[in-house]
Structure formats: C-alpha cells, structure tokens
Amino acid sequence: MSEIFGDLDAISWCEKNAADALSDEKVPTPIALMGKKSRIWYEPRDVLLVISPLNYPFFQAIVPIVQALSAGNAVVLKPSEWTPLAGLVESLLESAAIAPNWVQVVYGDAEVGRQVIDQRPDQIMFTGSIRTGRAILTRAAEHLIPVEVIQRANDSVYGLTASVWSADADRAERVARALRVGGVSINNVMATEATQALPFGGVGQSGMGRYKGVHGLRAFSNLKSVIVDKDGDKLEANWYPYTAKKYRMFTAMMRALFTDSPVKLAKFGVLGTRLESYAQKATRRR
C-alpha cells in the first residue's frame, strides 16, 4: 500500500511542479558583462539507466522513471533479480500510453547489469549495497558516465562549451539549445565562465558535475533530507498489522486523493481520519 501511495504522490508532484522546476532560470550577470543576459537551461541527459534494489522494488522503480521521463529522458530499468516484478512495470506503462521506446526493462543478474552499462547510458541511478555500488561505479568510470553543423558538433565525444554566432537571436537560441554541451556563449566566447552565477562543467568526455553558482555550492554539499514527527508514538496506518478492511479503506483514501474532484481533499481527510482510528484499534487488539 505504501509503495502505491508513494508512486501516485510522485506522479502528482511531477505533474504540478516539473514544468516550473525545469523552466529556464534567470541568474544575475556581473557588472563587467553589462548588456548581456545569463540563463540556465535544464535539458535532458538523454538515456538514464535505473538499477533498482530488492526492497521496495515497485516504488524504487516507478519514482525514478517518472522523474526521468518528466525531465525528457528515455529510461532503461534493470530491476533486482530477486524482486523483478516481471511484466508489471511494462503493463502499467502500456496502460498509461507510454511509448515502448521511452522505457525499456531488462531482467537478469549482475552480468546483465554490466552489459547494459557497457551500452554507455548518459546517467546511472543506482540504489543498493556498497559492494554493488562500487562495482557499478568502476564499470561506469571506464566510459565516463554520469543535422548539419549541429549534428557534426554533437558527434564529438567532448562537450564543454561552445559559441554560437548569429544576427538572428531566435535562430541562435535554437542552435544553442540543440548543442550537447555544458555551456553556450551566444555572440561571444567563453562568457559563461566569467559569470559566477552560472554553473560550469561539461558533458561526455568533458567530464561530469558542475561548479560555480548555486549549483556548484550544492555539488560540494551533502543534501540531507530531514522530517520531524511530533507524534512519533502513534503507529501510522500504513504499517503492520495488515487487514483486508485496512486495505479497502486505504484504497478508498487513495482514490479520493488522486481523483479530479473539487471535494477530494475533504473526502481524503474524512477517509484518512477513519483509517487512522481503525488502525489504532487494530494495533491495540493485537
């Protein structure tokens, strides 16, 4: 139940927030570059390999798939051989009208994982043990993973910065967006490096990661997620014991929340209160 609710919540969050989170971002331009404008464009990495673990296998597969698709990427999912959920993800994606070439699922053991990494995905998202993580990192390090003139430029294995020159501003922006590089200076050379609010880094064999600006600060930081529960003594409804009645109530609550209705929050609140009350009684009866 908790995996399904979490997946629905992730889908709902992306529907509401992904467009704003990935929209073009304005950043300050130093006074020495007066007359110029600085922007950050968020672009897809292209193909993301998701290697999901044996615990919470449904949640840890669907959520990265949803986020990767929302960011414009294609996805290859390699689930744990211990909890493959064979066919489940594919059937759900098909029912959601997700094109087969947007998400592909491969099944197998560690050797299959190595073969997929050797296909050189643009980024790998792994959740699991330290031992497996080290093996994946070692394999990926060999490949430096995390039409017309544009095609020739993008055929390069390097992609640090580029310059685009044109009197047509719209045309210059179209070309700049199509280039697979870490930074673009339009009608200038290496101006992105001189703007401290802009992150600096490359793609392909020009490296991975970013520094400078807010993104640089975050790259050198450990992002710690914290939540404080002031009522930690109370057992939440999604935990054991599991009963048929609790499952029915939980399902009704999820349907209320994720149904397009002007009263969905009120209905969700009422059903949630009932479920919470029943869960506490079921726990005391144990």
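## A buried serine

Serine 185 counts as buried, because its relative accessibility is 4% and the cut-off for buried is under 20%. Keep in mind as you explore that this is a predicted model.

Where does serine 185 sit? Look for strand S8, which covers residues 183–186. The side chain of serine 185 reaches two backbone nitrogens: that of methionine 190 at 3.5 Å and that of threonine 192 at 3.4 Å. Leaving aside neighbours within four places in sequence, serine 185 is in contact with Ala162, Ser163, Val164, Met190, Ala191 and Thr192.

## A parallel sheet and its helices

Now find the open sheet, where 4 strands run in the order S5-S4-S3-S6 with parallel pairing. Strands S5 (103–105) and S6 (123–126) stand at the edges with a single partner strand each, so one side of each has no neighbour in the sheet. On average, neighbouring strands are turned by 20° against each other, direction ignored.

Strand S3 (residues 47–51) pairs with S6 over 4 bridges, and valine 50 has methionine 125 in S6 as its bridge partner. Helix H2 (residues 59–70) packs on this sheet, touching S3, S4, S5 and S6. Helix H5 (residues 130–141) packs on the sheet too, touching S3 and S6, and its direction makes about 175° with that of S6.

## Two helices side by side

Finally, follow helix H1 (residues 2–21) and helix H9 (residues 244–257), whose axes come within 11 Å and cross at roughly 5°. That angle is why H1 is described as roughly parallel to H9.

Which residues meet here? Ile4, Phe5 and Leu8 in H1 meet Phe250, Met254 and Leu257 in H9. By class, this contact has 6 nonpolar residues, with no polar and no charged ones.

Technical notes: Residues are numbered from 1 along each chain as its sequence is written. This is a predicted model: local features need pLDDT of at least 70, side-chain atom pairs count only at pLDDT 80 or more; totals for chains, interfaces and linings use all residues. Side-chain values use heavy atoms; hydrogens and water are left out. Axes are lines fitted to C-alpha atoms, for helices over the stretch in contact, and angles run from 0 to 180 degrees between N-to-C directions. Angles under 35 degrees count as roughly parallel, over 145 as roughly antiparallel, 65 to 115 as roughly perpendicular and the rest as oblique. Contact means heavy atoms within 4.5 Å. Ala, Val, Leu, Ile, Met, Phe, Trp, Tyr, Cys and Pro count as nonpolar, Asp, Glu, Lys and Arg as charged, and the others, Gly among them, as polar. Buried means under 20% relative accessible area, exposed over 50%, partly exposed in between (1.4 Å probe, protein chains only). A polar contact is a pair of N or O atoms within 3.5 Å; within protein, one must be able to donate a hydrogen and the other to accept it, and residues adjacent in sequence count only if both atoms are side-chain atoms. Two strands pair if DSSP finds at least two bridges between them.
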